[in-house]
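Here are my notes on this model, point by point. Please read them with the structure open.

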Amino acid sequence: MGDWVIGALINIVGSVAINFGTNLLKLGHDQREKLSAINNSEGNDKFVPKSVMHFQTWRIGILFFAAGNCLNFMSFAYAAQSLLAALGSIQFVSNIAFAYFVLNKTISVKVMVATTFIVFGNIFLVSFGNHQSPVYTPEQLIAKYSNLVFVLYCMSLVFVVAFNHYLYRSGETIISNSSKDVGTYWRTMLPFSYAIVSGAIGSCSVLFAKSLSNMLRLTMSSRYEFHSWFTYSIILLFLCTAGFWMARLNEGLSLFDAILIVPMFQIAWTFFSICTGFVYFQEYQVFDTLRIIMFVLGMTFVFLGISLLAPDDSKADTKDGSSATEDSMIDMDRNGKMQMDETEANDSNSFVTSVKVKAKRVLLKAKSTCSMSLGLGEETISASSVLAMPMVSSRTTGFRGIGNDRTKYVPLRTSDWSNL
């Protein structure tokens, strides 16, 4: 059995464990809300809801979630990054079983069709993907950063990020200054450009995770001293890119409807993860014409299946207005607080005070991101992994105030994504 088979199997088990843990975390929150609803209906005003950490379901879920992330990290030492990044979509298949048996959700025909596309796509990817699993020395990893193809790829990636960020800011300005509905163009382009920037930078965390996993494997075989400037540099880059990805993921769900942003996030993350692995580790060198065609076909199947997994737009129209009203009140409260903070910062003439205010905002963003990612906040999303594209819901209101009128370009948000 080749090392790539071991890596693929470990990654599949890890992705399934992450998804199972995510569903248990969701179930723990459901149990907490159900208990609160029962006590409220009984008129128990003195009832104080327990923290979700007190529920055994949530505690078991966090263990599975952590174990799955560890397995995914280990898998990158044994198989190609392009193969493992694509295999992360296998969690959508497991999510059907977990959603049906754990959360008692109804599985639609559309979801079954989407899952079929993902299964066949993964079969093509595994059959015709890169089956090599070399172990690189730190010197080889450092040398790959100066490779001409990788340098050109990084330059193109910077251009893609800068262009899409400019496109997103321009769209925000146009919509905020427009008194009329600008149509569906910018309503689609805004989340697309947002997802491209997020996926292009966030997917680099997979590259650094594979490098760390590779060096850890060398350390275990006594061929490398793990403590070195290169190791610590890779760890810092991993934390920065992973933190950026998690923050953008949480915030993107608060800005856009899950119908649009979730498939875009998943496709962008998977695409850039595969491309980065192809270029940096030169995985393209083992591909001939047939393998390229079949690999692209497999990616197309996976992306098509992911697109079909988007929630049904009609469900959002049939929901009552209570959720939208609550979200609007939260957004108004948040925007008001942010404006007060900005006024306070502007009125202060002290540079030190201004720096403190900005540092406090950054820490609040980081705290909010970590809390929501692990299901610890009052407004939570499903647990998210930086090593496998996470299953997410849109049940979050984000943490960044926006001066523009978001109702002009943000469709009605729905939390049906996690309900399949």
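1. The chain has 15 helices and zero strands. Both are DSSP runs, numbered from the N terminus: helices are H or I with at least four residues, strands are E with at least two. This is a predicted model, in which local features need pLDDT of at least 70 and side-chain atom pairs count only at pLDDT 80 or more, while totals for chains, interfaces and linings use all residues. Residues are numbered from 1 along each chain as its sequence is written, and side-chain values use heavy atoms, with hydrogens and water left out.

2. Start with the whole chain. Of its 420 residues, 50% count as buried. Buried means under 20% relative accessible area, exposed means over 50%, and partly exposed lies in between (1.4 Å probe, protein chains only). The accessible surface is about 20,100 Å², and carbon and sulfur atoms own 66% of that. These areas come from the Shrake-Rupley method with a 1.4 Å probe; for residues, only the protein chains shown count as cover.

3. Now the contacts, meaning heavy atoms within 4.5 Å. Take those in the chain with a separation of 6 or more: 82% of them join residues 24 or more positions apart.

4. Look next at the largest nonpolar core, which holds 28 residues. Such a core is a set of buried Ala, Val, Leu, Ile, Met, Phe, Trp, Tyr and Cys residues joined through side-chain atoms within 4.5 Å. Which residues touch the most other members? They are Y168, W186, L190, Y194, F256, I261 and F265. Two or more residues come from each of α1 (3-41), α3 (81-87), α7 (148-177), α8 (184-202), α10 (229-255) and α11 (258-280). A second, separate core has 24 residues, including F150, F230, A268 and F281.

5. On to helix pairs. Two packed helices are described by the angle between their axes and the distance between the axes. The axes here are lines fitted to C-alpha atoms, for helices over the stretch in contact, with angles from 0 to 180 degrees between N-to-C directions.

6. The axes of α1 and α4 (residues 90-101) come within 9 Å and cross at roughly 40°. That makes α1 oblique to α4. Angles under 35 degrees count as roughly parallel, over 145 as roughly antiparallel, 65 to 115 as roughly perpendicular, and the rest as oblique. The α1 and α4 crossing is right-handed. A crossing is right-handed if the near helix is turned clockwise from the far one by less than a right angle, and left-handed if anticlockwise. On the α1 side, I12, S15, V16, N19, F20 and N23 take part; they meet I90, Q91, S94, N95, F98 and A99 of α4.

7. M215, in α9, is buried at 0% relative accessibility. Its C-alpha is 8.5 Å from that of V135, 80 residues away in sequence. L237, in α10, is partly exposed, with a relative accessible area of 38%. The C-alpha atoms of L237 and F208 are 7.0 Å apart, across 29 residues of chain.

8. Is K144 buried or exposed? K144 is buried, with a relative accessible area of 13%. The residue lies in α6 (residues 138-144). Leaving aside neighbours within four places in sequence, K144 contacts Y136, F150, Y280, F281 and Q282.

9. Finally, check N130, in the loop between α5 (109-128) and α6. N130 is buried, at 3% relative accessibility. N130 and Y284 are 154 residues apart in sequence, yet 8.1 Å apart in space, C-alpha to C-alpha. Beyond its neighbours within four places in sequence, N130 is in contact with A80, S82, L83, E283, V286, F287 and R291.
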